Amino acid sequence: MIHAVAVLGGGIAGAAAALRLAQGGLRPVWIAADRRDTFKPGEHLSAAAIPLLKTLGSDAMLRSEVHRHAHSTYSAWGSETLIQRNAISQIEGAPIVLDRGAFEDALSAQAIAAGAEKMERDVVDLRITDGHWRLDTGETCIEANFVFDATGRKAIVASKFSPRFQADKLSCQYAVFSSSDREEPRPVTLIEAEERGWWYMSVLADRRVVVNFYSDADLPGFDSTELDANARRTKVISAYLSDYGYGSSGHPTRITTNSSWIAPAIGAGWVAIGDASAAFDPLSSHGMTTALWSAIQAADAFVAQDRQKMQAYAENVASGVQDYLTARCHVYSCEKRWANSLFWARRHSNSAKGPEASA
Ligand SMILES: Cc1cc2nc3c(=O)[nH]c(=O)nc-3n(C[C@H](O)[C@H](O)[C@H](O)COP(=O)(O)OP(=O)(O)OC[C@H]3O[C@@H](n4cnc5c(N)ncnc54)[C@H](O)[C@@H]3O)c2cc1C
């Protein structure tokens, strides 16, 4: 049997595309391995995502008590002074701190209930034969006329056909910290710039905190496994961790967080969505929103079998990337304290000349 459409990837983009295609009357085959046991970083859902979730009929899932409306965000960026970014000053409204696993599970369940046929596998090989895709999961071979590539930064389909551009080498080390203190931690998100990069700490919905350090993957010292010890050398985050008795319980995980994108994001028989099409610096807190937006746009174009709409989708991805790069330059240019730091110098030269992308 040759399926009309296959969706590859079990993150937010894949789940939203499978759901939207099913809502459009199709029965997509959705190839997405189960990764429920793995902690997935990235919990701040921008309020801009709420209209998208309404479009999907998924906004009610945000009312679950496992998520909560975001607390205050403070940043020491550009100076040592901690500035509050009050939810009230964010035009689009307060973000939501997600239990990421619960959110992705709920979206997945909705997609299956709507008619998506989920196969909990990875695609290990793919090729085009006789004008259609053959997607090998190692156990079975799925055939489909069209694929949605929602495999995140790997972009297993799109990267075969379109160049991927990269604006920087940003990488992240993160670990989840816990505390046995009984005192309820003040629910905050803290962002703190330092000479080698920047720190992020956020209280999760279950009271643990996630601590992330961002720097360029090729800079000395970034390979360190001393995330906990280095976090203690920060000013603001270390004070918070000490006040509430937080300590890390495991080794930090390292993950790529560079700004990168595919151009064009569509090709013959495929479309890239979510991080597979464009992956942003987590400072933007917009990755999940973009994943939802791109899934809806591309799925609607596919359901309508509207080539112009699909072309417009690719153009919107490209122009969105340019807008994002401009905003990113502006944000990094606000931090000028470390003139001799390669991390900041790279970003300042980008802001002066405009971003340099390499394919
Ligand atoms: C440290 C960090 C912090 C972040 N913080 C935020 C934040 O606060 N707010 C925000 O909005 N965004 C944040 N993001 C970005 C956000 O997490 C991503 O933009 C979002 O997850 C993109 O969703 P996606 O579905 O496109 O990709 P992913 O979530 O990466 O999902 C891709 C899926 O494809 C699967 N896959 C890969 N290869 C195959 C294969 N061969 N076959 C089948 N499946 C495959 C993967 O297993 C995965 O399930 C953060 C990212 C990082 C790394």
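Helix 7 is largely enclosed by the rest of the structure, because twelve of its 17 residues are buried, where buried denotes under 20% relative accessible area, with a 1.4 Å probe and protein chains only. The model is predicted, so that local features need pLDDT of at least 70 and side-chain atom pairs count only at pLDDT 80 or more, whereas totals for chains, interfaces and linings use all residues. Residues are numbered from 1 along each chain as its sequence is written, and side-chain values use heavy atoms, with hydrogens and water left out.

The buried residues of helix 7 are Met288, Thr289, Thr290, Ala291, Leu292, Ser294, Ala295, Ile296, Ala298, Ala299, Ala301 and Phe302; helices (H or I, at least four residues) and strands (E, at least two) are DSSP runs, numbered from the N terminus. From its first C-alpha to its last, helix 7 reaches 24 Å, close to the 24 Å expected at 1.5 Å a residue, the expected span being 1.5 Å times one less than the number of residues. Just after helix 7, glutamine 305 takes a positive phi of about 50°.

Helix 7 also contributes to the shell around the ligand, giving three residues, the largest share. Of the 33 residues around the ligand, Arg35, Lys40, His44, Arg100 and Asp275 come nearest, a residue being near if one of its heavy atoms lies within 4 Å. By class, this shell has 13 nonpolar, 13 polar and seven charged residues. At least three residues of the shell come from each of domain 1 (2-54 + 100-165 + 260-320) and domain 2 (170-256), with domain bounds taken from an automatic or database domain assignment.

Oxygen atoms of the ligand lie 3.1 Å from a polar backbone atom of isoleucine 12, 3.5 Å from one of serine 285 and 3.2 Å from one of glycine 287. The protein covers 90% of the 1000 Å² of accessible area that the ligand has on its own, as computed by the Shrake-Rupley method with a 1.4 Å probe. The elements that give two or more residues to the shell are helix 1 (12-23), strand 18 (209-216) and helix 7 (287-303).

Helix 8 (residues 307-333) should span 39 Å at 1.5 Å a residue because it has 27 residues, and its end C-alpha atoms, 39 Å apart, agree with this value. At the start of helix 8, a side-chain oxygen of aspartate 306 reaches to within 3.0 Å of the backbone nitrogen of glutamine 308. The buried residues of helix 8 include Met310, Tyr313, Ala314, Val317 and Val321, and also Tyr324, Leu325, Arg328 and Cys329.

How values were computed:
A polar contact is a pair of N or O atoms within 3.5 Å; within protein, one must be able to donate a hydrogen and the other to accept it, and residues adjacent in sequence count only if both atoms are side-chain atoms. Ala, Val, Leu, Ile, Met, Phe, Trp, Tyr, Cys and Pro count as nonpolar, Asp, Glu, Lys and Arg as charged, and the others, Gly among them, as polar. Buried means under 20% relative accessible area, exposed over 50%, partly exposed in between (1.4 Å probe, protein chains only).
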